Amino acid sequence: MAGPSPILLIGGTGQVGWELRRTVSPLGTAVSVGRHELDLASPDSITKTIRRHAPSLIINAAAYTAVDRAEEESALAQAINGDAPGVLAEEAKRLKIPLLHYSTDYVFDGTATRPYTETDAVGPANAYGRSKLAGERAIAAVGGAWLVLRTSWIYSMRGGNFLLTVRRLARERDELRIVADQRGAPTWARAVAEATAALLARSAAPAEIDALAERSGIYHLAAAGETSWHGFAEAIVHGLRKAGETVAAKRVMPIGTADYPTPAARPAYSVLDCRKLHETFGIMLPDWRDQLDLCLQR
């Protein structure tokens with residue numbers, strides 16, 4: 001006799017995916033599939049893997065995230081971030097199961113002066129953002145029971161991210177020069193995973209699939225508050241000292257975006273308004289400073 005259908009977790013080795021492997025385990029058996037088994041650039045690979053596992057829920061925590069390299073590899077970014085989510089949505093709809101997918105604050109152009117809501121106009125400034133926006137639209141076009149969670153400035157103590165880069169540089173240099181005219185909300189991968197599990201526990205049970213379908217849509221899930229990359233770096237260095245780590249950096253100097261050119265343009269302002277998620281599912285993340293303190297303490 002076959003056991004219960006598993007939760008299919010795509011991207012379980014990434015920052016959020018790694019944390020999800022633990023947080024979703026109380027909801028059921030989670031099967032984490034990597035690129036060797038499910039290649040998001042290959043629609044055939046997607047459909048074959050999903051049909052082999054016949055899951056009760058699909059969580060897509062995988063993405064092409066090399067923002068600067070995407071300017072040269074836009075076709076690959078589009079295949080993974082833009083086209084694959086539509087295939088996942090088709091399979092989820094066929095199986096009558098929910099799909100949960102993550103997107104980004106980079107779908108916005110960055111010209112706002114107050115936090116972006118889910119209904120604000122989008123206008124990505126780079127190829128990565130355009131590919132992620134295409135993925136959102138592909139899922140919405142298919143329909144079914146789906147949730148897209150836009151998050152921002154993800155960091156953790158594993159993988160490649162701003163926190164670990166600052167930590168390394170703070171050990172090596174006596175002065176750091178960090179962009180101060182881009183603002184967002186640094187968000188801990190573990191907080192995203194825990195919020196995701198709480199959301200699913202309340203809304204993704206098989207008996208509630210119709211109710212979830214009625215609440216399908218895009219939701220913002222990011223830390224409360226906002227800062228600049230410079231402010232984030234200052235807080236990281238302070239937190240490292242507080243945690244007892246050896247830090248060589250004596251100064252964190254603010255610079256402008258123009259002083260640190262990159263192949264991909266970044267939005268100057270990409271803070272997300274997360275009230276819709278709180279009002280719909282009762283979920284809200286703490287202030288980014290509190291999340292950072294917890295991350296560094298652990």
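This is a predicted model: local features need pLDDT of at least 70, side-chain atom pairs count only at pLDDT 80 or more; totals for chains, interfaces and linings use all residues.
**View 1. The surface and overall build of the protein chain.** Residues are numbered from 1 along each chain as its sequence is written, and side-chain values use heavy atoms, with hydrogens and water left out. The protein chain holds ten helices and twelve strands (DSSP runs numbered from the N terminus: helices are H or I with at least four residues, strands are E with at least two). Its radius of gyration is 19 Å, close to the 19 Å that the globule rule gives for 298 residues, so the chain is as compact as a globular protein of that length (the radius is taken over C-alpha atoms, and the rule is 2.2 Å times the number of residues to the power 0.38).

View 2. How much of the protein chain is buried? Buried residues make up 52% of the 298 residues (buried means under 20% relative accessible area, exposed over 50%, and partly exposed in between, with a 1.4 Å probe and protein chains only). The largest nonpolar core has 80 residues, and Leu20 and Tyr102 are among those with the most contacts inside it (such a core is a set of buried Ala, Val, Leu, Ile, Met, Phe, Trp, Tyr and Cys residues joined through side-chain atoms within 4.5 Å). Leaving aside neighbours within four places in sequence, the contacts of Leu20 include Leu9, Ile59 and Tyr102 (contact means heavy atoms within 4.5 Å). A second, separate core of ten residues includes Val107, Phe108, Ala112 and Val271.

**View 3. Thr23 in helix α1.** Look for Thr23 in helix α1, which covers residues 15–23. Is Thr23 buried or exposed? With a relative accessible area of 10%, Thr23 is buried. Not counting residues up to four places away in sequence, Thr23 touches Ala193, Glu194 and Ala197.

**View 4. Arg173 in a loop.** Arg173 sits in the loop between α5 (162–172) and β7 (175–179). Its relative accessibility is 45%, so Arg173 counts as partly exposed. Beyond residues up to four places away in sequence, Arg173 touches Ala248 and Ala249. Arg251 is 78 residues from Arg173 along the chain, and their C-alpha atoms are separated by 9.4 Å.
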